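Subject: Structure handover and notes

Dear colleague,

Please read them with the model open beside you.

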Amino acid sequence: MFSNLVWMFVLLCSSVADENSIRDADIFPSSPEIERGSSLELSCVLRKSDTPQRNANHIIWKLNDALISPEEYNIVNETVSNITIHNFTYSTAYVECLMKYLDKELPLVHTVVKSGFRPDMPENISCIYFYDVNLTCTWSAGRETSFTTNYTLYRKLMSSPYTVRSCQNTTESCSFFYPYNDYSNDFCFQVEAKNVLGESLTECVSIPLQKIEKFASPEILSVKKIPGIKQLLMVTWKMPEKIIPLKHIICQVQYRNLYSNFTEFVNVSLNSKKGIVSCNLTGLWDSTDYSVAIRCMNNESAFWSGWSGEKNGSTEEKAPPRKVDLWRVIESSHSSRNRSVHLMWKSLKSFPPSGRILGYKIQYFPENKTACKRTNNSTDEKITLFLNEEAHIISVTAYNSAGKSPEAILRIPSTDEKSSQMIETMITSTLNEEVVVQWKTSDPETTTYVVEWYEELETDPFVRSWQYVSNSTEWKNNRKNFKPFLCYNILVYPLYGNNIAAPSYAQIYAQEKKPSEGPVADTDILGKNEVTIKWNEISKAKRNGFITNYTIFYKPEDGKELNETVNSDTLQYRLKSLQANTQYTVRIMASNKAGGTIGEPRAFKTLKLDKDDVIFIAIPVGISMLCLIGLWITCVLKKHAFKKVCWPDIPNPEESLAVEWPLASSMNNSFLKRVSSQTKTVDYEDINVLEYCFPEEGQEESLLINYESHVSEFTDINTKGITNRDEKILHNEEDEAANCFSPSMPYVIADQFTRSQMHSALIPVKEVQPIEMVANDLCGSQQNPIKNEENDVEEVLKLEDFSEKALFNPYLKNSVKAREFLVSESLPEHSMDECKSQSSVLPPFQPKVPGQSYITLDMFRLAKAQ
């Protein structure tokens with residue numbers, strides 16, 4: 001039947017539809033709303049088209065983009081296709097009609113389907129009546145319908161059921177406002193709920209208005225104390241004006257102690273005619289602040305009014321019952337006659353409190369001068385006094401409007417007093433979120449102590465905290481009262497009478513973390529296989545805990561990292577067993593209980609040689625240098641002794657007193673020229689060796705006489721030769737040559753080079769002969785040079801055999817038995833004759849006579865130079 005009606009409706013719409021419509025199809029119903037869980041039926045109607053393939057057989061349906069099974073389709077005719085969806089449970093669904101043509105799906109039309117429930121019957125109707133203001137009722141709507149539900153509140157007069165007032169709303173509340181909220185005890189209330197699926201209506205519930213009356217909040221006018229009466233407050237308030245007449249009222253006064261946060265209530269009965277009401281609150285604490293609030297209600301009603309606003313009041317004060325906690329910090333001064341004493345105190349919280357402190361009175365005087373009392377007043381809980389070196393007595397009292405507290409007395413010792421040490425040991429720890437300090441005293445009669453604590457870096461004395469401890473040697477405080485990662489100084493002072501003993505000191509961290517930075521390493525003493533590493537302590541602000549140890553990490557280049565750990569009091573360490581001439585990197589880690597932090601790395605390089613190596617090398621070198629220096633100094637100091645031993649002095653004939661060497665004759669002497677020439681070798685053919693022997697010991701005296709006469713004669717001859725330069729120069733030269741080989745110069749010694757060159761020309765030394773024979777031999781050798789040359793070879797062979805003759809050193813005490821004479825073959829005959837003539841007057845040669853002359857080859861060179 002329903003399908004037929006739908007079909008007829010579709011045909012009617014199709015006939016009426018505009019041929020020029022742009023839509024290809026229509027869907028019915030266009031916006032369906034059904035009850036959840038029921039069946040959904042929809043129709044898709046095609047419009048006129050010239051395409052014969054376009055008919056209802058090609059229509060398909062989709063639900064939320066999912067294809068609906070064709071079994072649910074119902075083809076009515078060529079243009080109408082129906083679909084039925086059973087047990088529809090979607091709250092909202094999207095249904096679409098499409099045309100399938102040539103394997104394509106062409107959308108035609110779609111709609112949105114909503115499902116929900118019928119409204120439940122409202123329950124729990126309740127109302128509140130505000131006299132001459134409004135009447136408001138509320139209820140419970142039940143389950144959610146998913147559709148918009150309209151509610152209607154009916155107020156009926158039970159004595160006249162047709163006298164009805166109503167109000168409508170879409171929420172679960174509705175109100176009747178003045179003047180439509182008449183007062184009557186014969187009303188009943190009914191609620192109707194309606195939506196698109198259906199409606200529901202409650203029964204009429206009777207509610208007397210006096211039982212649902214609610215007042216507006218009262219207003220507190222004052223909360224004040226009565227002068228002279230302690231522990232009492234009077235509260236005054238104003239009642240609301242709109243109250244049902246002739247009804248009894250109950251008001252509830254709530255007062256709360258602000259110190260203890262404890263709340264109490266007082267009920268006050270009155271009638272509705274009173275507009276201003278007062279009551280007294282008794283049994284309160286002295287000098288205590290209270291907070292008061294009030295609410296009221298009809299004694300038949302079920303609803304209290306709202307609480308009034310709170311208002312505070314304070315009871316009468318009394319004098320502070322307890323003395324303040326007084327403490328001091330004595331600041332050391334360079335001048336003993338003026339020192340700063342920082343006083344600080346705190347008022348003890350009494351229970352109940354005595355009142356508001358108006359100020360503090362400070363009195364102080366020297367201990368031995370009571371008459372010199374001074375007084376200061378302060379509203380702060382601190383003051384700084386400037387005292388001299390004497391001991392002082394200080395007292396502090398707190399005062400309020402009712403009186404003053406007992407005196408807190410403290411003795412400040414003189415500057416030269418020494419406080420006794422009573423605390424033997426002191427231990428600090430953190431246990432169970434608490435900082436614990438324990439100590440042991442040597443005086444069991446001491447029962448009062450002061451524990452003082454402050455941040456280590458804090459310099460303001462007034463920031464310090466302190467607490468008195470009685471009858472205990474343990475102190476605890478919550479760890480939250482200490483800042484984390486900061487070091488605190490804790491001091492415990494024993495008190496005996498008004499005196500304070502020496503404190504015991506400790507440090508503590510309430511909470512630790514690893515240091516903010518690590519120490520920076522530095523190298524001090526470098527060696528070949530070791531180095532001294534030094535570092536500075538981390539600043540106190542960055543330690544974040546007690547440093548427990550330092551760890552030194554060092555690593556050679558391209559090697560394995562090693563480490564050494566030292567105690568916290570060590571700030572330098574010697575690394576040993578290092579590799580010589582190697583680059584190292586060193587880092588230092590500072591650790592506390594929470595962890596460690598490594599500082600910046602530092603590079604260093606070990607030495608090739610260390611001190612021992614340098615000493616090992618330097619000592620032999622130094623010893624050698626000292627030996628050389630000592631040898632040099634010895635040579636300098638003993639050079640004459642060494643010279644006599646190694647290089648004996650050879651007298652210079654030129655400087656001899658026995659012979660005067662004329663400059664002219666020396667320069668013209670051809671023999672000397674040949675001998676002293678520096679560019680030519682000696683002509684050994686011109687050199688002969690004269691044999692001569694020392695005189696006998698008996699003849700020494702006669703030889704010395706002849707020598708002296710010979711010297712005088714030689715001087716005269718030279719003088720004459722100089723005067724008659726033109727005539728006698730040759731004669732003088734010959735005499736000079738002859739005199740060179742005279743007995744006054746017994747022998748000639750050649751230098752080393754000349755001797756080596758003349759070795760083949762020298763004749764061997766013969767036995768000692770008389771002086772005359774020697775002279776004759778010398779002269780004879782000049783007369784017979786050819787004969788001498790023939791005998792050269794023979795005499796040289798005799799000369800080489802030195803081992804056969806025992807030769808004496810000619811330089812030692814003239815002990816030589818034979819002297820060598822070098823005679824030139826070119827000497828003139830005159831000279832030879834002169835030699836012969838002078839042979840008889842030769843002075844005797846005296847052994848051990850200083851200045852005794854002799855001739856060497858050096859003489860010739862000196863003569864040549866002149």
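The notes below go from the overall picture to confidence, then to the sheets and the cysteines.

This is a predicted model, in which local features need a pLDDT of at least 70 and side-chain atom pairs count only at pLDDT 80 or more, while totals for chains, interfaces and linings use all residues. Residues are numbered from 1 along each chain as its sequence is written, and side-chain values use heavy atoms, with hydrogens and water left out.

Overall picture

The protein has 13 helices and 52 strands, where helices (H or I, at least four residues) and strands (E, at least two) are DSSP runs numbered from the N terminus. Of its 866 residues, 41% count as buried; buried means under 20% relative accessible area, exposed over 50%, and partly exposed in between, with a 1.4 Å probe and protein chains only. The exposed surface comes to about 49200 Å², with carbon and sulfur atoms supplying 51% of it, and the areas are from the Shrake-Rupley method with a 1.4 Å probe, for which only the protein chains shown count as cover for residues. Among contacts (heavy atoms within 4.5 Å), 68% of those with a separation of 6 or more are between residues 24 or more positions apart.

Confidence

The mean pLDDT, the predictor's confidence in each residue from 0 to 100, is 75 for the protein, and 71% of the residues score at least 70. Over residues 663-866 the pLDDT is below 50, although this stretch has 304 contacts in the model beyond near neighbours in sequence. Residues 1-8 also stay under 50, and for them the model has five contacts beyond four places in sequence. By element, the mean is lowest in helix α9 (residues 771-783), at 37, and highest in strand β18 (residues 219-224), at 94.

Sheets and strand pairs

Strands are taken to pair if DSSP finds at least two bridges between them. Four strands make up an open sheet with antiparallel pairing, in the order β1-β3-β7-β6. Its edge strands, each of which pairs on one side only, are β1 (25-28) and β6 (73-75). From one strand to the next the twist averages 20 degrees, the axes being lines fitted to C-alpha atoms and the angles running from 0 to 180 degrees between N-to-C directions. Within this sheet, β3 (residues 40-46) and β7 (residues 80-85) run antiparallel and are joined by six bridges, and Ser43 has Asn82 of β7 as its bridge partner.

A second pair to look at is β20 (residues 248-257) with β21 (residues 262-271), which run antiparallel and are joined by 10 bridges. Arg256 stands opposite Thr263 in β21. The two strands form a hairpin with four residues between them, and in the turn Asn261 has a positive phi of about 60 degrees.

Cysteines

With a disulfide defined as a pair of cysteine sulfur atoms within 2.5 Å, the count comes to five disulfides. Numbered in sequence order, the bonded cysteines pair as 1-2, 3-4, 5-6, 7-8, 9-10.

Cys44 and Cys97 form one of them, with their sulfur atoms 2.1 Å apart. The torsion about the S-S bond of Cys44 and Cys97 is about -85 degrees, so the disulfide is left-handed. Cys44 is buried at a relative accessible area of 0%, and Cys97 is buried at 0%.

Cys127 and Cys137 form another, with a sulfur separation of 1.8 Å. Cys127 is in β10 (residues 123-130) and Cys137 in β11 (residues 134-140), so the parts tied together are 10 residues apart in sequence. Here the torsion about the S-S bond is about 105 degrees, so the disulfide is right-handed. Cys127 is buried at 2% relative accessibility, and Cys137 is buried at 0%.

A disulfide also joins Cys167 to Cys174, at 1.9 Å from S to S. Cys167 is buried with a relative accessible area of 10%, and Cys174 is buried with 5%.

Cys279 counts as buried, at 11% relative accessibility, whereas Cys635 is partly exposed, at 33%.

Best regards
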